[in-house]
Amino acid sequence: MSAKSETRPEWYKGLARYEKPDLKKSIWQLTHTLLLYVATFYLMVRTVQLGYTYWLTLALAVIAAGFLVRIFIFFHDCTHRSFFASDRANTIVGYILGILTFTPYEEWRHTHVIHHATAGNLDKRGVGDVWTMTVEEYRTGSKWQRLAYRLVRHPLVMFGLGPGFMFLVAHRFAGKTARKQERLSVIITNLALLAIIVIASLTIGLRTYVLVQLPIILIAATAGLWLFYVQHQFSDVYWARDAEWDRLKSAMQGSSYYKLPKVLQWFSGNIGLHHIHHLRARIPNYNLQRCYDEVPEVRTVEPLTIATSLKSLGFNLWDEERQKMVSFREVQAAA
């Protein structure tokens, strides 16, 4: 029997009880977070209009970006059909939240589903993940491939230029393999964003809108990309060839438990419990902590803290022989 068809343990099957959405919790999360985001956005608009120092606007932008990250988690739950019991409700709310987060719902959902189906699979990389090369691929790659890879993996590009490019530019276009539904979601999102810009220009003014919206989306995008990065880029992360790849191992060993301070856990919608999310993607964000508290088996994963997660910046390549992430410097030293 192959690894892919092995019988899953009873505790894994028991996780299904956490998958049931709670309508009251979903609506409460959605309403109060959106109200806090809109209120902070309005305060930022007023600071610009009244001529206060822009530093005050940027300070508020950090708070608003935190709310936007949380909104993105609700969007993310909608793409997994876990925020509401109704698929229709997930789709409608998902489209709306996708517009707020500059992300086309169907297009992102498509690539993210692929990410869940292939995370940690060396033979199925390249969709919805962070570009990761093996040591052997890097050594045998062309000079231009190595240069491009080093540029993409550089922190100033990955977390400086990358987030803005992804959310402001890349999300405005459908992928080459996108189906009609995904392409339509890109068009709808782009038209909605254009309408918002036009309305903002006629009301608060284009300059004010840009001074408010741009820092929010850039800060939120950077925080979101960092969360995604550390959840799958750490020293002993799981990677395997397709023949040996196992979904349970991919979740428990290939997805981190990013243990954040409670306030940051709230803003990030419990997504730090990422190993549980990959075990059962249909578990709503508000049930992840309860699952962790009640299931001993999911507490066996060694947590990443903010301090230890910073080491992930130095992990660049997957060493198939040593079964761990290594740095460019280690590879150069070995050569």
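**Salt bridges and their surroundings**

Mentor: Before we look at a particular pair, note that Arg-125 counts as partly exposed, its relative accessibility being 25%, and keep in mind that the model is predicted.

Trainee: Which residue does the side chain of Arg-125 meet in a salt bridge?
Mentor: The partner is Glu-137, with 2.6 Å from N to O, and Glu-137 is itself partly exposed at a relative accessible area of 27%.

Trainee: Switching to Glu-294 and Arg-290, how many residues apart are they in helix H14?
Mentor: They are four residues apart in helix H14 (residues 285–294), which puts about one helical turn between them, and their side chains meet in a salt bridge at 3.6 Å, N to O.

Trainee: And how accessible are Glu-294 and Arg-290?
Mentor: Glu-294 is partly exposed at 41% relative accessibility, and Arg-290 is also partly exposed, at 36%.

Trainee: What about Arg-322, which residue does it form a salt bridge with?
Mentor: That would be Glu-330, where the closest N and O atoms are 3.7 Å apart; Arg-322 is partly exposed at 46% relative accessibility, and Glu-330 is partly exposed with a relative accessible area of 33%.

Trainee: Which residues do salt bridges with shared partners join into one network?
Mentor: Asp-123, Arg-241 and Glu-320 are joined in that way.

Trainee: Last one: how many salt bridges does a search of the whole structure find?
Mentor: The search finds 11.

Key:
Residues are numbered from 1 along each chain as its sequence is written. This is a predicted model: local features need pLDDT of at least 70, side-chain atom pairs count only at pLDDT 80 or more; totals for chains, interfaces and linings use all residues. Side-chain values use heavy atoms; hydrogens and water are left out. A salt bridge is a side-chain nitrogen of Lys or Arg within 4 Å of a carboxyl oxygen of Asp or Glu. Buried means under 20% relative accessible area, exposed over 50%, partly exposed in between (1.4 Å probe, protein chains only). Helices (H or I, at least four residues) and strands (E, at least two) are DSSP runs, numbered from the N terminus.
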